[in-house]
Each structure stands twice: as structure tokens, then as C-alpha cells.
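Here is a short briefing on one protein model. Keep the sequence and the 3D view side by side as you read.

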Amino acid sequence: MTTEQELLASIPTGLYIGGEWRDAEGGKTFDVTDPSTGKIIATIADASAADGVAALDAAVAAQGEWAATPPRTRSDILRRAFDLLQERKQDIALLMTLEMGKPLAESVGEITYGGEFLRWFSEEAVRITGRYGLNPEGTGQMIVSQMPVGPCYFITPWNFPLAMATRKIAPALAAGCTVVVKPAALTPLTTIAFVAILEEAGLPKGVVNVVQTTSSGAVSEPIIADPRLRKLSFTGSTGVGKKLIAQAAEGVLRTSMELGGNAPFVVFDDADLDKAVDGAIAAKFRNIGQACTAANRFIVHSSVAEEFARRITERVNGFSIGRGTEEGVTIGPLIDEKAVGKAQELVDDAVSKGATVTTGGNAIEGDGTFFEPTVVTGVTRDAQILREEIFGPVLAIATFETEDDAVRLANDTEYGLVSYVFTENIGRGHRMIDRLETGMMGLNVGVISNAAAPFGGVKQSGIGREGGFEGIHEYLSTKYTLTPVS
Ligand code: NAP
């Protein structure tokens, strides 16, 4: 196994534009830090707006040839990248933990999950088809074909630095689109390492370009305003997503938006509590609570709430907090001080309105940005914690009495990404599928993500789907042709 220093020294420090690793304009750089220590782990190129446009130039130049590349060739490159990622799994996982903080085992899990998009879309690349048929009048043949959308711009967040990139890059490449990707400044190294793998897998120059930057707005605006760009795909907060939609509207640019969540986790009185507790631990504490799919509001029937809270608290008390690289650690640091401050504020607000902390509840003093894994019970309906994305290891429990009440509370949010429901009553489970306003649901399960499934939300959680059969259609446009019957 490579040491941390050897690994960090092996990662390119430049921007990747037109198949070359190069310095940013003016030689500007920025530091990447380890959130578990606050120490600098890398200093890398910091793209300017002109670098961003140069990356788009490269993507535009490569578009024609890439679209004309046989699907089998595109598929083979994706498959080779999948294989290389498996070979390098331990190293890339360590890199991810160093820049993002999650426990090493979870980084390995993300690489497995994120890698699956390469395999899935390598398989989809060769199955892009259209249709052909007589019009109802019998006078013409209608040909419906699928064309690559064209050059794409991807903006990805820090919480899943690999998977949020592969979920976009893999289907775009499979469809024949070229790409400029801008990772979050907090976690650019994993994306850089992944793009080096794509290069090694034989991806032609200019097909994928990377512009890490500390000036995300200034770099993104000219790219989004450029008429040569054909698609914007963003994963991040709803606030930034709305700004980007407004910018994209100017050029009627096609967008996919994977935005924030406020997932309800509903436990009925007929639930299997063992399953519900296992599901809750996974849905809440995976990624230290920093997932758009994280269960945010535990809505538990009053008759089982006390027992549910007792069992959860017992499990949480068994967690091991520390640097993600250390053996046995289950809870790493939050991404930064701001995230710690927000978790504290939400817990304090809930307590001030009558809730009780059964374990945790505070930031941890010392190096790194740690917050105690926390359980809060008796949360009242006016608490901020039920309104906002917590994005931290805080499990908040509110109670309900009737099924209608549970549905009302679950749907009482502008978000609609995912919901979790625990019930042993099949009829009730099916009613919940219909009644809960979310793009995805875990029915008696706490983790649902899968490359083969269409991931995405309704309401202010986003537009479009990533993964599944649906995922590639975000990068294809439908063309209809009519030709007379001769
Ligand atoms: P964020 O602040 O919205 O940032 C996301 C990305 O947007 C980063 O690359 C960021 O770059 C960039 N960005 C910020 N301001 C920008 C601007 N004005 N123009 C262009 N780009 C800009 O979100 P985050 O805190 O990183 O991520 C957490 C959020 O993502 C949560 O709300 C979570 O629910 C959501 N998320 C959603 C999904 C999903 O699939 N629905 C998945 C994961 C996360 P810099 O940070 O470098 O400025």
C-alpha cells in the first residue's frame, strides 16, 4: 500500500485541458486541506475564467470526433477506466479520505458505487437506439434517432467527490458528449486522480477537461453563457442550483439539477424495529450525515418512539470518532468549521424549543472539524432542524399519531429527493409510494443508491435523473425525420 506522502506526490497538480496537464493562468494555485487535521495536503492549479473558456474550447474541438467514435470504442474506454479504478481502489480511497474526511471503508464503498457508473454506462453506450415506422396516414416513414447533446459542463460537490463525477461523466461519454468538469475546491484531488485514469484508459485528448478553481462563479459564468455549450449538469445546494438555472435560461441551455434534500424517515407502529434501527443508522450516519439522501427528519409513531430512540442511542454510543484513515473509525470530521457551526445551531435551536439530547450534542474541541454523533428526541414541529438540511451526524426524532399526519409532516418541505418508510404492512407501504412526494423511496431499507437506478428528485430537489436507463437520455437529444414513402 502506498504511503500518504507517496500517494499525494503522485497526483497531478495542474488543470487538465486538451489532454495536457498545465498551470493555471498566471501560475495561480490553492491549497487543499485534510479536515481531520486542518493541515495542507496539496497545492494545485487554480483556474481563472480564461482557463475555463480554454477548457470549453478543447471540449468543443473534440466533440465532432468523439461523437463519431464507434460506440463500442467509447464503451471499451469506459470499461477500461472501470477496471483501472478497481485496481487503484485502495489508493483513490485513501486520497478521498485525506481530502474529504470520511472513514476509509466508506471511501472504498464510494469507489465501488461510483465505479459502477462506468461499468453501467459502458454497457449502455452500445444500446443507444431509435425507432422507425410508418406515419398514421401511410404516406411517410418516421425516423426517430438519438444524437449526443454536445459539449457539457459539470459542477460537482465535495461530499461524494468520485461518484458525483462518474454519475455525470460516464453517461456523457457513453452518449458521445465531451465534458468540462469543475470539482468543488474543497475536494478536487479525487476528480483529478479519476481523470488521470480516464487518460490512461485511452480517452482522446480534449474529451474530458478539468478546471479546479477557488472562483467557481467567475469560471462558470462565461462557460454557461457560451453558445457552444449544450448542457449544464449540477450537483449541489438548491440555492446555487437556482442561480445556475437562471444563468442557463439566458441561452435556453439544457440542465440537469441534483439539488438538496430533507428526507423524511417514517417509522410506523407496525415496523420491524430492528430493520428500522439498522436503516436509520445507515441513512443518517453514512458520510457523517453529509449526503443529500441522508435521513433528515425521523418521523416515528408515538407508541414506538421511545424504544426506537433508546436503541438508536445505544448504537450511536458505540461509534468511534476519529481520523478516517484510522482503523475502526466510523465517524470522521465534518468538511469545515461552517458545517460544525450549523450542526450546533440546529441542535441548540431544537433544544430551546423543547427537544432532549440523548447523546452527543456538541462540537469537539481540538484539531479538525468534528461534531459528536447526536440523537435528539421530542423535536417540536417549529424546530429549524425539521426545515433545513442538517448535513451532519445529528438524528432528530419527531412523533406522529396517524398515517395522514405522518404523510402531511413528511411532505411538509420544499424538497422532494428521497423518503424512507418502515412498515410491515404491504398495503401501507404501497400507499406511501403513492403519497410521499419524493423522486425516490427506501421501503424498509436505509440506503438505496445504485448505478442501475434513476437517481433524482422532485420539487426543489432537482430536475432530471442520473443512472439507470434514464441516465443516458440526459445526454441525448431526440431527432425526428420524415421521409415520403416512395
Ligand atoms: P454547493 O455550495 O452548492 O456547491 C456545489 C458545487 O457548486 C461546488 O463545486 C461549488 O464550488 C460550486 N459552486 C458554488 N457556487 C457556485 C456558483 N455561483 N457558480 C458555479 N458553481 C458554484 O453545495 P455543497 O455544499 O458543495 O454540497 C452540498 C449540497 O449538495 C447539499 O445541498 C446536498 O444535498 C447537495 N447534493 C445533492 C445531491 C443530489 O444528487 N441531489 C448529491 C450530493 C449533494 P466551490 O465549493 O468550489 O465554490
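Helix α9 is followed by V252, whose phi is positive, near 45°. V252 is not a glycine. Most residues other than glycine have a negative phi. This is a predicted model: local features need pLDDT of at least 70, side-chain atom pairs count only at pLDDT 80 or more, and totals for chains, interfaces and linings use all residues. Residues are numbered from 1 along each chain as its sequence is written, and side-chain values use heavy atoms, with hydrogens and water left out.

**Positive phi**

- V252 sits in the loop between α9 and β11. Helices (H or I, at least four residues) and strands (E, at least two) are DSSP runs, numbered from the N terminus.
- V252 counts as exposed because its relative accessibility is 74%. Buried means under 20% relative accessible area, exposed over 50%, and partly exposed in between (1.4 Å probe, protein chains only).
- K459 also has a positive phi, near 50°, and is a residue other than glycine.
- The loop between β20 (440-443) and β21 (462-463) holds K459.
- K459 counts as partly exposed, because its relative accessibility is 37%.

**Helix α9**

- Helix α9 covers residues 238-250, which makes 13 residues. At 1.5 Å a residue it should span 18 Å, and its end C-alpha atoms are 19 Å apart, which agrees. The expected span is 1.5 Å times one less than the number of residues.
- Which residues of α9 are buried? They are T238, G241, L244 and A248.
- K243, A246 and E250 are exposed, on the face of α9 turned away from its buried side.
- The cover over the buried residues of α9 includes β7 (152-155), α8 (216-225), β10 (231-235) and β11 (254-258).

**S220 in helix α8**

- S220 belongs to helix α8. It counts as buried because its relative accessibility is 4%.
- S220 is in contact with Y153, I155 and K182, leaving aside neighbours within four places in sequence. Contact means heavy atoms within 4.5 Å.
- S220 and S48 are 172 residues apart in sequence, yet 9.7 Å apart in space, C-alpha to C-alpha.

**Helix α12**

- Helix α12 (residues 337-352) has 16 residues. From first C-alpha to last it reaches 22 Å, close to the 22 Å expected at 1.5 Å a residue.
- The buried residues of α12 are A339, V340, A343, Q344, L346, V347, D349 and A350.
- They pack against β14 (356-359), β15 (363-364), β16 (370-371), β17 (374-377) and β18 (394-400).
- G354 follows α12 and has a positive phi, near 115°.

**Domains**

- The protein is divided into domain 1 (4-259 + 461-481) and domain 2 (263-450). These bounds come from an automatic or database domain assignment.
- The centres of domain 1 and domain 2, taken over C-alpha atoms, are separated by 31 Å.
- Their contact takes 26 residues from domain 1 and 29 residues from domain 2.

**Nonpolar cores**

- In soluble globular proteins, nonpolar side chains tend to be buried together.
- The largest nonpolar core has 122 residues. A nonpolar core is a set of buried Ala, Val, Leu, Ile, Met, Phe, Trp, Tyr and Cys residues joined through side-chain atoms within 4.5 Å.
- I169, L173, V208, F265, F308 and I385 touch the most other members of this core.
- Helix α6 (residues 163-175) gives this core its largest share, nine residues.
- Where does this core lie relative to domain 1 and domain 2? Both domains give residues to the core, so it lies between them.
- Apart from this core lies another, of 25 residues, among them L229, L232, L244 and L253.
- Among the residues that F265 touches are A276, F298, F308 and Y420.

**Cysteines**

- How many disulfides does a search of the whole structure find? It finds zero. A disulfide is a pair of cysteine sulfur atoms within 2.5 Å.
- C152 is in no disulfide, and the nearest cysteine sulfur, that of C177, is 4.2 Å away.
- C152 counts as buried because its relative accessibility is 0%.
- C177 is also buried, with a relative accessible area of 0%.
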